[in-house]
Amino acid sequence: MSRHGDADLRAGKAPSQRQLRVGEELRHALAEILRRADFRDPDLHDLNVTVSEVRISPDLKNATAFVMPLGGGHPEQIKALNRVSAYLRSQVAKAMRLQHVPRLSFQVDVSFDYAQRIDQLLHRPDVQRDLDHADGDHDGGGADAEDGADAERHDGP
């Protein structure tokens, strides 16, 4: 089987324990490096980001760090982080004991926006009405089921 075949088989599966462990260690290392913020790039001077997740490829050669700029979106900071990814990779190599340090890329984490959108949808009046109505049907059905269960217990030998 080719080297690419292994990656293709793995693409549809959940990340391995090793991927998760290395990704989490990488997230901690990147958060510490970015907290120090000793960059020459002017776009990164006032960098204030949260590293929410790091996803690493099955072969551990590539990693994508999902970051959220605090205080609003700053797309130029994400571009700047991708520009200095080689420097960040060298800093990660000093901070972690890995045989091969993965290539880093940065993306904006949109999961916070997605969660906020779902929350807004769930709090809409029409959705609340439907949820309240569904709860009323569920409770009524449960009472009848309990009465039937009591009847069975008492009718037994």
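Tutor: This is a predicted model. Its three-strand sheet is open, runs in the order β1-β2-β3 and has mixed pairing. The edges are β1 (49-56) and β3 (103-108). Each has a single partner strand, so one side of each is left without a neighbour in the sheet. From one strand to the next, the twist averages 25°.

Now the pairing of β2 with β3. Strand β2 covers residues 62-69 and pairs with β3 in the parallel sense, over six bridges.

Next, the helices. Helix α2 (residues 17-36) packs on the sheet and touches β1, β2 and β3. The direction of α2 makes about 150° with that of β1. Helix α3 (residues 75-83) also packs on the sheet, touching β1, β2 and β3. For α3, the angle is given against β3: about 175° between the two directions.

Val22 gives a residue-level view of α2, the helix in which it lies. Its relative accessibility is 9%. Buried means under 20%, so Val22 counts as buried. Setting aside neighbours within four places in sequence, Val22 is in contact with Ile56, Met96 and Leu98. Of these, Ile56 falls at the end of the β1 range, 49-56. Arg55 is another residue to check against Val22: they are 33 residues apart along the chain, and their C-alpha atoms are separated by 9.0 Å.

Note on methods. Residues are numbered from 1 along each chain as its sequence is written. This is a predicted model: local features need pLDDT of at least 70, side-chain atom pairs count only at pLDDT 80 or more; totals for chains, interfaces and linings use all residues. Side-chain values use heavy atoms; hydrogens and water are left out. Two strands pair if DSSP finds at least two bridges between them. Helices (H or I, at least four residues) and strands (E, at least two) are DSSP runs, numbered from the N terminus. Axes are lines fitted to C-alpha atoms, for helices over the stretch in contact, and angles run from 0 to 180 degrees between N-to-C directions. Contact means heavy atoms within 4.5 Å. Buried means under 20% relative accessible area, exposed over 50%, partly exposed in between (1.4 Å probe, protein chains only).
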